[in-house]
Amino acid sequence: MTGVSADGRSLTRHGEDRKAELLEHAELLFMERGYEETRMIDIAEAAGVAKGLVYWYFENKAALFREIVLDMRQRLRRTQAKAIAGIDDPLEALYVGTEVSVRFIAEHHRLYGMISQQTRADRRLRKAQVESRRLQADDAAALLAEGQDRGVVRIDDDPVVLAYANSGVVSHFVLLYSDALYSRDGRPIEIDEAAHGAARYVVRAVAADAEAAEAVIARQLRVPLT
């Protein structure tokens, strides 16, 4: 089995594994040092390879960073797909998908912040980020459209509109956690609270029936309905 390098060259399975390893080291360094302070030679040293090998896979640091953007997109989609596999109820799948999205993005919030910052200086990176958002919205819109067809998601808005609104909810709940904000009683917001809070908000916002939404929430939180 082969893949493709940044310049269109075919990669063997070993080549794909080596490329993934370089991306992993680069991601860690970007999160630790920031984009500007991370050099290609630093990535090579962290991976224990010659600098020339890094340049064989990636034309420059900007190209490598764009690969990370694309890789993060695929990893998030795989995480979502794995989490909702086997769930038949679109509302329940939406709850679980929202919850795991908040957890994933919060775990990598520094890298996501860097991506947002770098898009202002790199047109190709901005294009990759827009494509990533569109794919995420398409996945969510398909689930919401199924829910509308089955009568469990409200039909007064287009599923694409609902998908982008839900994406905004995820982003803001991640900020609630990553900015180390505090609740009204002075407690720090924990990741469980942020993830389930976003999921509850989304399900209640899109559900066609309030009781169905509360039933999903109760099942996910494992609490009895009152």
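**A walk through a predicted chain**

Asp209, with a relative accessibility of 39%, counts as partly exposed, because a residue is called buried under 20% relative accessible area and exposed over 50%, with partly exposed covering the values in between. The structure in which we find this residue is a predicted model, and every value in this text should be read with that in mind. As for its place in the chain, Asp209 sits in the loop that runs between helix H9 (191–206) and helix H10 (210–221). In sequence Asp209 and Val152 are separated by 57 residues, whereas in space their C-alpha atoms are 6.7 Å apart.

The C-alpha trace spans about 65 × 45 × 30 Å along its principal axes. There are 226 residues in the chain, and 43% of them count as buried. The accessible surface amounts to about 12,600 Å², and 52% of this area belongs to carbon and sulfur atoms. How do the contacts relate to the sequence? If we take the contacts between residues at least 6 apart in sequence, 63% of them join residues that are at least 24 apart.

Separation in sequence can also go together with separation in space, as a second pair of residues shows. His14, whose place is in helix H1 (residues 13–33), counts as exposed, since its relative accessibility is 55%. His14 and Leu143 are 129 residues apart in sequence, and from C-alpha to C-alpha they are 36 Å apart in space.

Gln118 belongs to helix H6, which comprises residues 109–118, and Gln118 is buried because its relative accessible area is 11%, which falls under the 20% cut-off. What surrounds this residue? When neighbours within four places in sequence are left aside, Gln118 is in contact with Tyr35, Glu36, Phe65 and Leu125. Ser132, which lies in helix H7, is likewise buried, with a relative accessible area of 11%. Leaving aside its own neighbours within four places in sequence, Ser132 is in contact with Val69 and Arg73.

Helix H7, which covers residues 123–149, also holds Arg124. This residue is partly exposed, its relative accessible area being 44%. Arg124 takes part in a positive surface patch, which is formed together with Arg123, Arg126 and Lys127. In the chain as a whole there are 31 positive and 36 negative side chains, and the centres of these two sets lie 5 Å apart.

Charged side chains can also be paired, and a search of the whole structure finds 17 salt bridges. One of them joins the side chains of Glu99 and Arg103, with 3.1 Å from N to O. Why are these two residues separated by about one helical turn? They are four residues apart in helix H5 (residues 90–107), and therefore about one turn of the helix lies between them. The two partners can be compared in how covered they are: Glu99 is buried, with a relative accessible area of 12%, while Arg103 is partly exposed, with 27%.

Another salt bridge brings together the side chains of Asp42 and Arg39, at 2.9 Å from N to O. Is Asp42 buried or exposed? With a relative accessibility of 7%, Asp42 counts as buried, because this value is under 20%.

A further salt bridge connects Arg154 and Asp156, whose closest N and O atoms are 2.6 Å apart. Here Arg154 counts as partly exposed, at 23% relative accessibility, and Asp156 is exposed, with a relative accessible area of 56%. Salt bridges can also share partners, and in this way Glu27, Asp71 and Arg75 are joined into one network.

Notes. Residues numbered from 1 in each chain as written. Predicted model: local features only at pLDDT ≥ 70, side-chain atom pairs only at ≥ 80, totals over all residues. Heavy atoms only, no water. Patch = residues over 30% accessible without salt bridge, like charges linked within 9 Å, V, L, I, M, F, W, Y side chains within 5 Å. Areas by Shrake-Rupley, 256 points an atom, 1.4 Å probe, with all protein chains shown as cover. Salt bridge = Lys/Arg side-chain N within 4 Å of Asp/Glu carboxyl O. Lys, Arg positive; Asp, Glu negative; His and termini not counted. Charge placed at Lys NZ, Arg CZ, Asp CG, Glu CD. Buried < 20%, exposed > 50% of the residue type's maximum accessible area, 1.4 Å probe, protein only. Contact = heavy atoms within 4.5 Å.
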